[in-house]
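Please look through the structure shown here, paragraph by paragraph, with the sequence at hand.

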Amino acid sequence: MDKKTSIFSRILGFFLAIPKKILGFFSMLGVLPMILVIITLLVGLFFGYKWMIGDFSSIVETKVSIVETPSILEEVRAIGELVGAEYFGEEVHSLSESYEEEDMKNMAESYLEIRDSYKRIYERIEKMRDINGNLIGHEKHLQKTYEDFMSVHATATNYDKAWFAAFKRIHNESIRSMLEYLRTNEWKSYYDHYKDRLNRERRYLRKIKNNGRVLIYLGRGTVKAGYNLDAMTEESVVRQGDTLLLKNLKAQILNADINPWYVLPEETEDGKGVPGFEVLKEYGSPTHQDHGRVKEGCEKDLEKSAIEQGILKTAEKRAEETLLNFLNLLARDSTQVLSIVDIQE
Amino acid sequence: MHQIQGASQIATVEYVISKVVIGKKEQKLLGYSLSEADYLAEAEARVKAGIDLAKISEENIRIQDNFIHLSLPPVEIINFSFPAGEAKVNEDYTEDGWLAIIEGADIDRFYQEAELSVRKDIVNMGLEEAAQDKTKKFLMKFLLQAGYDSIQIDFEKFRWEPNPLNTGNIPQANG
């Protein structure tokens, strides 16, 4: 019994001594650390409480706002567009797709730039012939052509240089032979012939430039198609009995828009609206130009889809109906059929 | 979600409206601003206005010999375009903070606010007169070709909605 009491009193004594020891420790260090510990405890309790109730808004807050600026009317101009059809759709576009389109364009432009600048110098020496029509010092001049080209190429943009190096890698032969090949081939046949290698080079060059940026947008918007009636002249209107022909008019895309709002907040029951653009994925810090690129890509895809879905055909049919109805309303007109055609004669 | 529908509108005037979009993103801790990011871009809205020909019926037309009187429906917005992708970002002003980073969703918020602001501002720009004028001139050509030498065109009375967002159209018919 005495032994048990003794063990119990020893344990109790140990625990009772802890605060005393802590106080002793702090009194040894001074008052300041003690205050710091108390503050840390209080801050910990405050954040712990916020964490428990799931409310961090009063602690960490992100505020996004815009500064109100005036909208300035820059220009008012007369137009004459007959809208015959409207397309509503949504598209997903990624930064890598935008780059691919851009790279394909740059690749073709670089090819043509290199080829044409070589061709220009080449054609100049082709004219240098003697009285019998024989080429004068052809081989010497061809070498000069190549040297001239290289001096021009030295001032080209870095990207052209990169493509020049890529074309060189693809050919794996002398630069002069490569330039001769480029001179005698169109871009399309060149691309078809070296498609796989060109795309490998394109991906390699992009990898260096892209730096791991990823951005994917979902865009919702509208496309409108119809006719630009400004192109209509008196000669465009031809009557053939009860048929009226409107000539030289072609159905076209008049607008392809993805606005910040697809449906305005006030037009939805919950007042939240439907945004035109939504970010689906974003990492690697895309630049502001990247955002613009992908958004424009969504708009181009939207226009493409509208055309594939037959917006132009719908616009043609509806515009003819609309104009016929309008003319018939004017009472004087006995037109039974109205046709809009894309022909001059 | 793809849909094509027919339309019967004639756009007779286009307005080009410039808008400077200035956005700010702040990261705050216990109410104190820790970091700020700024965004500035020059954007442009293109608004096309005209009339809906489907809204014209026999009741809107009165003819007597070579005289025609057209009472047209109110001019309305045919197309509103505010392309965020084409805005020119000012790289000198636009800057991320050490904690506040402007991301895609923030840019979208800036442009959404800017679009609402443009739509609100066009109400007070007096655009309806220009739209009516251009629409009249446009239709005159048609009517002269149809053989009328005395033409009168007016528009149904309308009032400007204080906020045009409900309809997407600038004017509202006043009955």
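Gln64(B) stands opposite Phe67(B), a residue of strand S4(B), where helices (H or I, at least four residues) and strands (E, at least two) are DSSP runs, numbered from the N terminus. The two strands concerned are S3 (residues 61-64) of chain B and S4(B), which pair in the antiparallel sense over four bridges; two strands are said to pair if DSSP finds at least two bridges between them. Two residues lie between the strands of this hairpin, and Asp65(B) takes a positive phi near 50° there. This is a predicted model, in which local features need pLDDT of at least 70, side-chain atom pairs count only at pLDDT 80 or more, and totals for chains, interfaces and linings use all residues. Residues are numbered from 1 along each chain as its sequence is written, while chains are lettered from A and ligands numbered from 1 in the order in which they are written.

A residue counts as buried if 20 or more other C-beta atoms lie within 10 Å of its own, as exposed if 12 or fewer do, and as partly exposed in between, with C-beta atoms placed from the backbone. S4(B) is also joined by six bridges to strand S7 (residues 150-155) of chain B, and these two strands run parallel. Leu70(B) has Ile153(B) as its bridge partner in S7(B).

From these strands we can turn to a helix of chain B. The 18 residues of H1(B) should span 26 Å at 1.5 Å a residue, and the end C-alpha atoms are 26 Å apart, which agrees; the expected span is 1.5 Å times one less than the number of residues. The buried residues of H1(B) include Gly104(B), Ile107(B), Phe110(B), Tyr111(B), Ala114(B) and Val118(B). Why does Ile107(B) count as buried? Ile107(B) is buried because 26 other C-beta atoms lie within 10 Å. Leaving aside residues up to four places away in sequence, Ile107(B) touches His291(A), Tyr39(B) and Ile102(B), a contact being two residues whose C-beta atoms, placed from the backbone, lie within 7 Å.

The contact of the two chains takes 74 residues from chain B and 66 residues from chain A. On the side of chain B that touches chain A, the elements that give two or more residues are strand S1 (3-29), S3, strand S5 (76-81), helix H1 (104-121) and helix H2 (127-145) of chain B, and S1(B) gives the most, with 27 residues. The residues of that side divide into 36 nonpolar, 20 polar and 18 charged, where Ala, Val, Leu, Ile, Met, Phe, Trp, Tyr, Cys and Pro count as nonpolar, Asp, Glu, Lys and Arg as charged, and the others, Gly among them, as polar. S1(B) also pairs with strand S2 (residues 71-94) of chain A in the antiparallel sense, over 14 bridges, and Glu81(A) stands opposite Ala11(B) in S1(B).

The largest nonpolar core has 65 residues, and those with the most contacts inside it are Val47(B) and Ala49(B); such a core is a set of buried Ala, Val, Leu, Ile, Met, Phe, Trp, Tyr and Cys residues joined through C-beta atoms within 7 Å. Strand S2 (residues 32-52) of chain B supplies the largest share of this core, nine residues. Apart from this core lies another, of 11 residues, among them Met107(A), Tyr111(A), Leu182(A) and Leu198(A).

Chain A holds nine helices and 10 strands, and buried residues make up 25% of its 345 residues. Four bridges join its strands S4 (residues 237-240) and S5 (residues 243-246), which run antiparallel, and Val238(A) has Leu245(A) as its bridge partner in S5(A). Two residues lie between the strands of this hairpin, where Gly241(A) takes a positive phi near 65°.

As for confidence, the model scores ipTM 0.85 and pTM 0.76. Chain B averages a pLDDT of 83, and 88% of the residues score at least 70, pLDDT being the predictor's confidence in each residue, from 0 to 100. Over residues 159-175 of chain B, however, the pLDDT is below 50. Where pLDDT is low, the predicted coordinates should not be read in detail.
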